[in-house]
Amino acid sequence: MPTAELILRCYGVVFGVLIVLVELELPFVLSHAAFMDSWVARGLCIAFVGLLDVLFDHQGAAGPNLDFWRHLVGYLVMCVGSVYTALGLLCFRKLKAVALTRIRREKIMKEEVHHLTAQKLEIERLLADTESKLEFL
C-alpha cells in the first residue's frame, strides 16, 4: 500500500471517529473541536469522509460486489454531508436575522436608557429646586 493512500486512510479514520464523537455531543469533544459545533463544518467534514471513501481505489480485492457497496456508502455519506451543509447555511441566514434583530433592540434600549437617565436628572434637579424653595417658606 502506498504511503499517500495510508495517510489518506488514516485521515478518514480520524475524521470518522471525530464525526461520531461530535454527533454524540460530548462537551469535552465540542470544547476542543469548537469548529464542529457548526452544521456547515460538520457537513463539510462528513462530505470529506465520503469523498475519501469514493476516491479510494479498492481494486476489487474483495470482489466487485463489495466495491459497489463501498462506493454507494461513500456517495450516501457525501449526500448526508451536503444536507448538513445546506441546512447549516439555511439556518445561518435565520440566525443572522435574529442576531441583527437583537442588536437593533439593544440599540433602542440603550437610547431609551439614555433618554430615561436624562429625564431622571431633570426630575432630580426640579425636586432639588422645589425643596430649596420650600425651605425659604
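A residue is called buried when its relative accessible area is under 20%, exposed when over 50%, and partly exposed in between (1.4 Å probe, protein chains only). The model is predicted, so local features need pLDDT of at least 70 and side-chain atom pairs count only at pLDDT 80 or more, whereas totals for chains, interfaces and linings use all residues. Residues are numbered from 1 along each chain as its sequence is written, and side-chain values use heavy atoms, with hydrogens and water left out.

Select Arg42 to begin. Arg42 is buried, its relative accessible area being 4%. The side chain of Arg42 makes a polar contact of 3.4 Å with that of Glu23; such a contact is a pair of N or O atoms within 3.5 Å, where within protein one must be able to donate a hydrogen and the other to accept it, and residues adjacent in sequence count only if both atoms are side-chain atoms.

Next, show residues 39-55, which form helix 3, the element that holds Arg42. Helices are DSSP runs (H or I, at least four residues), numbered from the N terminus. At the start of helix 3, the backbone nitrogen of Val40 has a side-chain oxygen of Ser38 within 3.2 Å. The buried residues of helix 3 include Arg42, Cys45, Ile46 and Val49.

Then select Leu30. Setting aside neighbours within four places in sequence, Leu30 is in contact (heavy atoms within 4.5 Å) with Val22, Glu25, Asp37 and Arg42.

Finally, colour the largest nonpolar core, which has eleven residues, among them Val22, Leu30, Cys45 and Tyr84. Helix 1 (3-23), helix 2 (27-32) and helix 3 each give two or more residues to this core. A nonpolar core is a set of buried Ala, Val, Leu, Ile, Met, Phe, Trp, Tyr and Cys residues joined through side-chain atoms within 4.5 Å.
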